Amino acid sequence: MQFEVWAPQARDRVVLHLEDPEGPEHAGRSMERDPARDGWWTAEAPAADGTRYGFALDGGLVLPDPRSRRQPSGPDGTSAVVDQGAYAWRTPWTGRALPGAVLYELHIGTFTREGTFDAAAAQLPALAELGITHVELMPVCPFPGVHGWGYEGVSLWAVHEPYGGPEGLKRFVDAAHGLGLGVVLDVVHNHLGPAGNYLPQFGPYFTDTHHTPWGAAVNLDAPGSDEVRAYLLGSALAWLRDFRLDGLRLDAVHALADHRALTFLEELSTAVDELSADLGRPLFLIAESDLADPRTTTPRPLGGLGLQAQWNDDFHHALHAALTGESQGYYADFAREPLAALAKTLTRVFFHDGTYSSFRGRTHGRPVDRTKTPGHRFLGYAQTHDQIGNRALGDRLSATLSPGLLACAAAAVLTGPHTPMLFMGEEWGAATPWQFFTDHPDPVLAEAVRTGRRREFAAHGWAEEDIPDPQDPVTRDRSCLDRSEIDKEPHARLLAWHRELIALRRDQPDLTDPDLAAVKVAYDEAARWLTFRRGDLRIVLNLSARPARIPLGAGGRILASWDPAEPPDSDGVLRLAPESCAVLAEG
């Protein structure tokens, strides 16, 4: 077997170390420089699936392979060879494209108490029955300890071993595909975790040319960046190819410092499109972006980056402000007239589309061309891991809102012009929080994370002792879903409501019409009601604690309603109960 590693930092030699599970470690094998590739070293050695190995540079410690496909002992251990052809796939899969999708974000470590791929796979039939089309997994690269969010991962080609390792992920994807569910994976290219990151010892994976909230930037445009880009591109394509994933969610692409003419994101979207053509199945990229820039998802021939979709936090912020009345931080601009903000995000996508952002202290965003941009290119959601977990107590909307307002949130998300996404447990109004938790074995790093978290929220008026300790195992445990809630009220009713709305979205073509310009909205800020039209359908939300009289015009029939409701009366007025919603059809 040929082993190879890009290690331009090595001055004189690189030694390949192989471990024999039945005996002492093999003697190290000196690697040779590759004359055709600057900085690369190669060696031939007998190895098979599971063989442990590592590289020592210039007589230093044995380090894991930057392109390791498996880290059986975690980020600090040696790597293991993986035979990608060994797994026998059970489900023939031709792919599932993004248009018409309903996504479901889940975290393997808290989706079940066991926190494994196999335990999560056992719950997938319920998601298929609900009407979900794709599950979006939070990051699964190796990270320190057992439990964590996954955004401090390292070894970007490998799978977290406590979850089940690479074969566990394949079993999960196979099970999902067997139920008709696509699988999307959240990948992080903008930084690596602080522990177990040995990449700088191999080469210029990071650069001080740019600085990010995590320190030196991933090197996308400084000397050596060609190989760094190849490392990230290869990782992305390997997830899609070797694990049969259907798409990738790209974390915080606004934090990618990249000043080259051909940006990394454009290069990645090109490579993914080419892989899609080679595999004969649809593949897609979803960006998390804070830029409010439609060029992220504009096709490359039209001057864009060519990603298929992006998260739309502006819709979330408008909906959240309308539901909760919160006005702190980035909610301030949305909270001034929350229904107007929600109306704008339903029709024009971005609230900040060249307008002043008080949170940023500057003008922000760019308008979306509604005549050329399909609505499915933007994801709409009421809750995500970020918007819950980055709150001081990790409290969901269910902690403060009535079941009726949760139903209104579901109606806005699941009937809107965007691609809807739910966060795990949202469908039944889960009462469990989803808090920030880590499992750093290094006591110094653990204390730094704990102290930093508490100081962050102390600056906003929280008592430090009220902030959950990220390192306490109880913080993770309380974040696990509690499925005993599902059969109780109001959870059972909320679950049935989500199922009904998703069925409507599947059965009513107007709800997946990509034409943003066709969406029409009316609202009354003082009375706290809003209605929007999708073709022949009208979705009506009453966010007020009082009954609402909403002028819709004569005619119409109720397709679905949270509380019992009659069609509009002879004066064209619809009466809705407090904190309720309905979907109507003409005729």
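Q: Why does Trp497 count as buried?
A: Trp497 has 3% relative accessibility, and buried means under 20% relative accessible area, exposed over 50%, and partly exposed in between, with a 1.4 Å probe and protein chains only. The value of 3% therefore places Trp497 among the buried residues. The model is predicted: local features need pLDDT of at least 70, side-chain atom pairs count only at pLDDT 80 or more, and totals for chains, interfaces and linings use all residues. Residues are numbered from 1 along each chain as its sequence is written, and side-chain values use heavy atoms, with hydrogens and water left out.

Q: Where is the place of Trp497, and which residues does Trp497 touch, not counting residues up to four places away in sequence?
A: Trp497 belongs to helix α15; helices (H or I, at least four residues) and strands (E, at least two) are DSSP runs, numbered from the N terminus. Contact means heavy atoms within 4.5 Å. Beyond residues up to four places away in sequence, Trp497 touches Ala407, Ala410, Ala411, Ala560, Ser561, Trp562 and Cys581. Ala410 is 87 residues from Trp497 along the chain, with 8.2 Å between their C-alpha atoms.

Q: What makes Asp174 count as buried, and which residues is Asp174 in contact with, leaving aside its neighbours within four places in sequence?
A: The relative accessibility of Asp174 is 1%, so this residue counts as buried. Asp174 is part of helix α4 (residues 165-178). Leaving aside neighbours within four places in sequence, its contacts are Tyr87, Ala88, Trp89, Arg90 and Thr91.

Q: Why does Asp469 count as buried?
A: Asp469 has a relative accessibility of 18% and therefore counts as buried. The residue is found in the loop between α13 (443-458) and α14 (473-478). Apart from residues up to four places away in sequence, Asp469 touches Arg450, Arg454 and Thr475. Thr451 is 18 residues from Asp469 in sequence, and their C-alpha atoms are 8.9 Å apart in space.

Q: Why is Thr371 called exposed?
A: Thr371 has a relative accessible area of 68%, so it is exposed. Its place is in the loop between β18 (362-364) and β19 (378-380). Thr371 and Leu275 are 96 residues apart in sequence, and their C-alpha atoms are 29 Å apart in space.

Q: What makes Arg528 count as partly exposed, and what is its phi near?
A: Arg528 has 25% relative accessibility and therefore counts as partly exposed. Arg528 lies in the loop between β21 and β22. Its phi is near 65°, a positive value in a residue other than glycine. Most residues other than glycine have a negative phi, and most peptide bonds are trans.

Q: Why does Ala252 count as buried, and what is its phi?
A: The relative accessibility of Ala252 is 8%, so it counts as buried. Ala252 has a positive phi of about 40°, although it is not a glycine. It is placed in the loop between β14 (247-250) and α7 (264-279).

Q: Which kind of peptide bond, cis or trans, joins Glu489 and Pro490?
A: The bond between Glu489 and Pro490 is cis, with omega about 5°. Pro490 is in the loop between α14 and α15 (491-507).

Q: Why is helix α10 (residues 338-348) largely enclosed by the rest of the structure?
A: Nine of its 11 residues are buried, so α10 is largely enclosed. Among these buried residues are Pro338, Leu339, Ala340 and Thr347. Their cover includes α8 (313-324), α9 (332-335), β21 (520-524) and β22 (529-534). After α10 comes Val349, whose phi is positive, near 75°.

Q: How do you know that the radius of gyration of the protein chain agrees with that of a compact globule?
A: The radius of gyration is taken over C-alpha atoms, and the globule rule is 2.2 Å times the number of residues to the power 0.38. For 587 residues, a compact globule would have a value near 25 Å; the protein chain has 25 Å, so the two agree. The C-alpha atoms fill a box of roughly 90 × 50 × 50 Å along the principal axes. Buried residues make up 58% of the 587 residues.

Q: How many helices and strands does the protein chain have?
A: The secondary structure comes to 15 helices and 27 strands.
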